[in-house]
Every structure is written in C-alpha cells, then in structure tokens.
Amino acid sequence: MRFSKRPSVDAQAVEDASGAVLYARDLNAQGRKGMIFGPLDMDLAPRQLAVIHGPAGAGKSALLLALCGRFRRTRGTLIIDGIDAMAEPYRAIQRTSVARIGDYVVPEDLSLIHISEPTRLGMIS
C-alpha cells in the first residue's frame, strides 16, 4: 500500500477563491491511457449554474467527481466553499454531493428548464 503526503493548504488560492463556491485552476486528471480531462480553470459563484456535456468517454463523470473532491487522480487547485480540497479532501467532501439526472434532460431541452428557488434536485421544472 502506498501512502502519499497531502499538500499543505494553499492559503493564497483560498484567498483568491473568496466569494466563489467552486474555484478550480489547472485542474486535470491522468489515467493509465493518458489525459482524462483538463486542464480546467473555472469559477462558480453562489446560485450560478454550470452544464457539462460531451460525447461518451470524454471524461464528464470524472470531471464532475473531481469538482466535488471525489476523484483521487485529480491534480491542480480546487477550492470548494473556502476549503482547499486537495489538502483537506474529507472536509471538502462533506460540503458536496453527486447525483445523476440521467436521460431526462438532453442538450436540446436546456432552453426549457426553469430552475426555481431554492435550487435543489427535484425542484427543476
């Protein structure tokens, strides 16, 4: 079994991310066969919506797991709600969840989606 030392908290990145629910810089992941996704730079403000789409095998699921702090092969900077997810992954995971909508919404239908307040799964109409 191989243990790796967690990086120390990147205080400058946490400061740069203030006000953002999600802050990613140079986020990427590699597998045995090469790049899975990235590099990605992204800021997500409170109440902002992001859509991830692409063909099968493009790395969408891996990216979503990484953005929630749940993909171990992730490298780069990831701040979730003020928590450095690379240095404190278990603390970051407590602030996130992952759900699959499935085939209920396809890209052509996105113009029909109205997100009511509060934004929760099941409140999309």
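Helices, counted as H or I runs of at least four residues, and strands, counted as E runs of at least two, are DSSP runs numbered from the N terminus. On that basis the secondary structure of this protein, which is seen here in a predicted model, comes to three helices and four strands. Read along the sequence, these elements follow the pattern α-β-β-α-β-β-α, and the four strands form an open sheet whose pairing is antiparallel.

**Sheet and helix packing**

- Across the sheet the strands stand in the order β2-β1-β3-β4; because β2 and β4 (83-84) are at the edges, each with a single partner strand, one side of each is left without a neighbour in the sheet.
- The antiparallel pairing of β1 with β2 extends over seven bridges, and within it Leu27 has Leu40 of β2 as its bridge partner.
- Helix α2 lies across β1, β2 and β3, and runs at about 50° to β2.

**Nonpolar cores**

- The largest nonpolar core has 17 residues, and those with the most contacts inside it are Leu22, Leu27, Phe37, Met42, Leu67, Leu78 and Ile80.
- The elements that give two or more residues to this core are the strands β1 (22-31), β2 (34-44) and β3 (74-80), together with the helix α2 (60-67).
- Apart from this core lies another, of five residues, among them Ala13, Ala17, Tyr23 and Ile79.
- Once its neighbours within four places in sequence are left aside, Leu22 is in contact with Met42, Asp43 and Leu44, with Leu67, and with Leu78, Ile79 and Ile80; of these partners, Ile79 is one of the residues of the five-residue core.

**Burial, surface and contact range**

- Buried residues make up 26% of the 125 residues in the protein.
- The protein exposes about 9,300 Å², of which carbon and sulfur atoms supply 52%.
- Among the contacts between residues at least 6 apart in sequence, 50% join residues that are at least 24 apart.

**Confidence**

- The pLDDT of the protein averages 79, and 74% of the residues score at least 70.
- Over residues 113-125 the pLDDT is below 50, although this stretch has 14 contacts in the model beyond near neighbours in sequence.
- Where pLDDT is low, the predicted coordinates should not be read in detail.

Definitions and conventions
Residues numbered from 1 in each chain as written. Predicted model: local features only at pLDDT ≥ 70, side-chain atom pairs only at ≥ 80, totals over all residues. Heavy atoms only, no water. Core = buried A, V, L, I, M, F, W, Y, C linked by side-chain atoms within 4.5 Å. Buried < 20%, exposed > 50% of the residue type's maximum accessible area, 1.4 Å probe, protein only. Contact = heavy atoms within 4.5 Å. Pairing = 2+ DSSP bridges. Axes fitted to C-alpha atoms, helices over the stretch in contact; angles between N-to-C directions. Areas by Shrake-Rupley, 256 points an atom, 1.4 Å probe, with all protein chains shown as cover. pLDDT = per-residue confidence, 0-100.
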